[in-house]
Structure formats: C-alpha cells, structure tokens
Amino acid sequence: MTHRYPDAFFLYAEIVRPSVEHARQSLAAYRLCARGTCDATPEVATYHFRIDERLTRIHRQTWPISCSTESLELYLTPAAFRDHGRTEGFLAGIRHLQKHTRLRQIRIYWIGPRPAPDMLRGIFWSDRRARPLAPLRFTPFDAGVARRARSCNIAEVSVGLDVRPDAGAASVEALDALADELTHVSLIAFFHPERRDELHIVATLPIDDAQSPEDLARLLAGLPPGSEGGVSGHLQLHRDAPRNPADVEAVLAGHGLSISVADDGYEGYLLHPEFAAEGAGSRA
C-alpha cells in the first residue's frame, strides 16, 4: 500500500437535527456505517461523527431546540469512497437514518482535488447543496506522523474564531505558524462559507510525550490576532486516551481557550487502525 495519495479528499459536514434525540439516533446510524467502513475500506482514514456543542449553540439561534452534529471523512483514494458505500454496515446505517431521524439543515463540503464525476454524483446524492470548499491550508494525510502514533494518542481538534474583516492577513499568518509547528496527520483550515468571518480549523493529531496538551494549547493560543472572542471549539480524545479529559481541558482553559474536551460521545474512528503505529507492520 502506497503512502502517497494524490487524490485524497475530505468530506466535512454540519447537520442540524430537530432535537437531541434525533441527533443521538443519527450517531447510532453512523455507528453502523463506521463498522462497515472500517472493516471493508481501510483507505477511509478518518470517519468521525459527533454532537457538537459549539455548532448547536450557533444553530439554536435559528432553531431553538435543535442539536447539531459535525463529521469529518477522509478518503485517500477514489475506490475508498466508492466501496465504503457498498458495505452492508453502511447501507444498514442509511436505513436507520431514514427511519429514525429528521433534519433541519445539512451542509456537506468536499475539500481537496476534484473527485471524478461518479464520486461527485455520490456526494450530490447525499445533498444537492453539497459544494467544493477551498482551504487556506490543506494536509490530507501525513503517513509518517500516523505510523509513529499509537491509536489511543490520536485526537481531533475542531475550532473556530471570528476574524475582523481588516485582520485577514494577520490571521492567515497566525494559521501558517500554527500549521508549520503543529505535528498533525491531517489538517484543513478555511473561512466558513456561511459564517464568513469565521476561520475554522479541523485537524487530527497525536497528543503524546512529543506533543503535549500544553504544546497544543500554546499553538492554538497564538491564533487570535485580529479575532473577536478568541478560539472556541472541541478536542475529541480517543476512547482509550491515557489522559484525563478534564485535565486537558484545564490546560487549554489556562491559555484562554474555550475548548471542551471529551473521550466519548462520538462514533466512527479518528484514524484507521491500519495506519497507526500498531498496524504499521502490516504495510511494511
């Protein structure tokens, strides 16, 4: 299996459900999808779904009792996207979604090289409003970082900050400084197409002896030049993470960051096990 993936692309989605129960039922459906995807298509490197407190607060301004989920999917090859949708687990999950959930709004963005026409049709089948999104920074997959990390140390950070209209250049420079120093498997950063002053960053990364919560907090705290309200979002730890979420959250708060931390409440996986340190031998 090659470690170079020139066609790799992300699907990033924000979905507003009418209630917390509908959001929880959607996670139950994604659990089925993720099982089929993980078993059959290792080159879907990230397949992660969770209820997002920050998005829920934003969208409750329009839908007061709604509950929002955020998802990140990374397809390393066109075949991975095509084949994951044919697994029985995926199809069972879709049936569960259709039977048990409703939605208020769905936004799906593909980020990266333009997929082939058949893949685009598949994306648009999910949502006619799906659209391409141009990132400011784009690291689809660093296999070297993945191979050196244990699965339990992989985390996903998803944060946003509102940038003053006259401070775009300063924010891009701060973003570049963050991305250049942050050790990460994947990273995308973009100005949100619907919340146009929001700079949004999503990254999968190791948190371990080489890159501690203190390191991450220091780097994220360097983002706000030109920001109104600072950095807010979520840090998702692995279910078997050796660190206490409350301790990590305290470190982030100590740097003025409003970032919640949890090691549960999600479905899917942050990094497919075949790419982490434990599975590296199978690709030697």
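Setting aside residues up to four places away in sequence, L223 touches L161, A174, L175, L178, I201 and V231, where contact is taken as heavy atoms within 4.5 Å. The model is a predicted one, so to speak of local features a pLDDT of at least 70 is needed, side-chain atom pairs count only at pLDDT 80 or more, and totals for chains, interfaces and linings use all residues. Residues are numbered from 1 along each chain as its sequence is written, and side-chain values use heavy atoms, with hydrogens and water left out.

L223 also turns up in the largest nonpolar core, a set of 32 residues in which L220, L223, L235, L237, L252 and I259 touch the most other members. A core of this kind is made of buried Ala, Val, Leu, Ile, Met, Phe, Trp, Tyr and Cys residues joined through side-chain atoms within 4.5 Å; buried stands for under 20% relative accessible area, exposed for over 50%, and partly exposed for what lies in between (1.4 Å probe, protein chains only). Strand 7 (154-163), helix 7 (168-181), strand 8 (186-191), strand 9 (198-206), helix 8 (213-221), strand 10 (227-237), helix 9 (245-254) and strand 11 (258-262) each give two or more residues to this core. Strand 7 provides the largest share, with 5 residues. Helices (H or I, at least four residues) and strands (E, at least two) are DSSP runs, numbered from the N terminus. In soluble globular proteins, nonpolar side chains tend to be buried together.

Next comes strand 9, where 9 of 9 residues are buried. Cover is found on both faces: E198, H200, V202, T204 and P206 are buried on one side, and L199, I201, A203 and L205 on the other. Strand 9 runs antiparallel to strand 7, with 9 bridges joining the two (strands pair if DSSP finds at least two bridges between them). Within this pairing, V159 has I201 as its bridge partner. Strand 8 is antiparallel to strand 9 as well, through 6 bridges, and S186 stands opposite T204. A hairpin of 6 residues links strand 8 to strand 9.

Elsewhere, T101 sits in the loop between helix 4 (88-100) and strand 4 (105-111). T101 is buried, at a relative accessible area of 11%. Beyond its neighbours within four places in sequence, T101 contacts R17, H22, Q25, S26 and H96.
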